[in-house]
Each structure stands twice: as structure tokens, then as C-alpha cells.
Amino acid sequence: MPELPEVETTRRGIEPHVLGRRVERLLVRDGRLRWPVPPELPATLAGQTIDAVERRGKYLLMRTAAGTVIVHLGMSGSLRVLPAETPPARHDHVDWVLDDGRCLRLRDPRRFGCVLWTEDDPMRHPLLADLGPEPHGEGFSGGYLFELSRGRTVGVKGFIMNSHVVVGVGNIYANESLFRAGIHPARAAGRIGRERYDELAGAIRDILAAAILQGGTTLRDFTDSEGKPGYFRHELQVYGRAGEPCTVCGAPLRLSRQDQRATVYCPNCQH
DNA sequence: CAACGGACCTGCCTGC
DNA sequence: TGCAGGCAGGTCCGTT
């Protein structure tokens, strides 16, 4: 489900409710996520105070004095802050029971997400250590994409969706960014010039920023930490619009599959 | 190394 | 109505 804007929306939503709160206990109803929730985590986390809620790519980091909880929402995960006594629904797998009578609750029907723990610098964790730059960070630019892509034959859509290249760009925003930049999604990454990568980097930054402002994109079931949907869906130019007219030239948008993912583009505007 | 396909899991929608 | 098949916002891992 969530790409960078949805994860950032979640982070901003939970931060004011969990920052400075003590975790009275961690309630794991079903620890069978992508990787098992560490069995010792409830004992380790009990009594710890959440000192920071950060995001790296699509990972959320909750820092305590003892270590850091690493959360990924996978395709279907969401976090909400609720009164601790709220009865759990199906797929509500983990609760962080807080010291103010509320809890942070992870719901993840497909269980592609994870809840992990590290006592070291979380940026050194194997899942985080090799991630590419943040789209809004220092290291990301057209020049960076241009240099890294030399000699690569993979389609540019797969290239920008690779978290080792740049974090946070999932299927929706990859489609949208390529449309904005006028680049055909199947074009080999290594055969795109510097100026077009400047366009693409700018499109990625602008679209992700706009989506964050709108609270993310709700297609089916994404909600923020208070249960509200994101409104960027109304701004989507191509994703989910196959067969409908291009908003620029009116040609019917085309649907294809690339890397087993739905890919929508304008055959007239994107080359 | 880079590229590709499969794997993980559930829910929802379509079509027979 | 039931059921099979395909699809979904992610990404790691094993194989070429």
C-alpha cells in the first residue's frame, strides 16, 4: 500500500501521540509478519520511552534509549492511535500500549510488513544500510540518476522503483513521475540523457511533495493515523486511468505490464 | 554485478 | 451462488 507519502503521512500522524510516551507493554497478537516479530521484543521494549519517530525511505523508526523499533508497512499495513481498550479487528497484529491509556495499533492484512528491533545505529541495519538517497535529500539529483544509470539496461520505471537507487518511489508515483517528465517507462535507464534525468528528478520530488501535502493517495483502504483517507488520488494523471484520455493531449492512456506491475502511460507524450 | 522471476499473504473483483 | 483466476500501494532472495 504505502509509498513514501503515505508513510510520511503516517509518521506525522502518530508522532504527536507517541513522542515522549512510555511503552507500558507491546502486545503481539500475531507475530508472523514478513519476518517474525522478535519474541523477546515485548520484554525489551516494556518501560521504554519513545524519543523520536523518524522515517527512512518507507521504513518508520521509533527510537528509545535501549534501541530502535523498525517498522515497514508492506503493501497493506497501517498504524493508528486508539484508546487502548478498543477491541482489535481482524489483522490487528501488534499494539504498543502507551502510558496515557492509548495504543499504537498495527494492522496488516497481507502481513508483508515487519516490526524489527536493533540496538545499533538503525541506519546500519542490513535493511537500511544500502538504501539510496531520499528524494528530498542532498544526494538526489538528475546528475545522480544519470551517473548511476550508465550501462543499465533495465527499464527506467524499474530503475527508479529500486530502493537502492532512490527510496520511496512505488508503483503509483513512478507512473506519475514518468508521465510528468515525458519519459516512456520501458526506456532503458542507461539510454536517457542528463537533461531528461533533471526533469525526472524534479518530477519525483514535486509529485512526492504534493502527495505528502494531500495526505497521500487512498485507492482502496489507506488511511492516516486518524482514519482519514489521503486526497492525492484526485491529482493522479495516469495511475488507474488506463484507456481514459491523457490530460495533456487527449490520447487514450495505455496499460502495459512491466516487472509484473501495472504501468500506465501516454503513448503520445512519453518517449 | 545486473536482470529477472518467484515468493510471501489476504481480500476483493470479475467472469464463467 | 460458488468458485477459479487475476489483481493489489513492496521488496527480498535465488537463479541465470
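This is a predicted model: local features need pLDDT of at least 70, side-chain atom pairs count only at pLDDT 80 or more; totals for chains, interfaces and linings use all residues.
A crossing of two helices is called right-handed if the near helix is turned clockwise from the far one by less than a right angle.

**Stop 1: helix 6 on helix 7**

Now try out the definition: helix 6 passes helix 7 in a right-handed crossing.

Which residues meet here? On the helix 6 side, show Tyr173, Glu176, Ser177, Leu178, Arg180 and Ala181. Facing them in helix 7 are Glu199, Leu200, Ala203, Ile204, Asp206, Ile207, Leu208 and Ala211. Colour this contact by class and you'll get 9 nonpolar, 1 polar and 4 charged residues.

**Stop 2: helix 4 on helix 7**

Keep helix 7 (residues 194–213) on screen and select helix 4, residues 142–149. The two axes come within 7 Å and cross at roughly 125 degrees. So helix 4 is oblique to helix 7. Left-handed or right-handed? The crossing of helix 4 and helix 7 is right-handed.

To see who does the touching, pick Gly142, Gly143, Leu145, Phe146 and Ser149 in helix 4, plus Arg194, Tyr197, Asp198 and Ala201 in helix 7. Sorted by class, the contact of helix 4 with helix 7 has 4 nonpolar, 3 polar and 2 charged residues.

**Stop 3: helix 1 on helix 7**

Stay with helix 7 and bring in helix 1, residues 4–18. Here the axes are 9 Å apart, and the packing angle is about 40 degrees. This makes helix 1 oblique to helix 7. The crossing of helix 1 past helix 7 is right-handed.

Show Leu4, Pro5, Glu8, Thr9 and Arg12 from helix 1, and Leu208, Ala211 and Ile212 from helix 7: these residues make the contact. The contact of helix 1 with helix 7 splits into 5 nonpolar, 1 polar and 2 charged residues.

**Stop 4: a glycine in a loop**

Next, follow the chain into the loop between helix 1 and strand 1 (23–28), where you'll find Gly20. What does Gly20 touch, leaving out residues up to four places away in sequence? Click on Thr49 and Ile50. Gly20 and Ile50 are 30 residues apart in sequence, yet their C-alpha atoms are 5.3 Å apart in space.

**Stop 5: the DNA**

Finally, select DNA strand B and show what surrounds it: Arg90, His91, Pro109, Arg110, Arg111, Phe112, Arg152, Thr153, Val154 and Gln260. The residues near DNA strand B divide into 3 nonpolar, 3 polar and 4 charged.

Zoom in on some individual contacts:

- Arg90: a polar atom of the side chain lies 2.9 Å from a phosphate oxygen of DNA strand B.
- Arg111: an N or O atom in the side chain is 2.7 Å from a phosphate oxygen of DNA strand B.
- Pro109: this time look at the backbone, where an N or O atom lies 3.4 Å from a sugar or linking oxygen of DNA strand B.

Notes
Residues are numbered from 1 along each chain as its sequence is written. Chains are lettered from A and ligands numbered from 1 in the order in which they are written. Side-chain values use heavy atoms; hydrogens and water are left out. Axes are lines fitted to C-alpha atoms, for helices over the stretch in contact, and angles run from 0 to 180 degrees between N-to-C directions. Helices (H or I, at least four residues) and strands (E, at least two) are DSSP runs, numbered from the N terminus. Angles under 35 degrees count as roughly parallel, over 145 as roughly antiparallel, 65 to 115 as roughly perpendicular and the rest as oblique. Contact means heavy atoms within 4.5 Å. Ala, Val, Leu, Ile, Met, Phe, Trp, Tyr, Cys and Pro count as nonpolar, Asp, Glu, Lys and Arg as charged, and the others, Gly among them, as polar. A residue is near a molecule or strand if one of its heavy atoms lies within 4 Å of it. A polar contact is a pair of N or O atoms within 3.5 Å; within protein, one must be able to donate a hydrogen and the other to accept it, and residues adjacent in sequence count only if both atoms are side-chain atoms.
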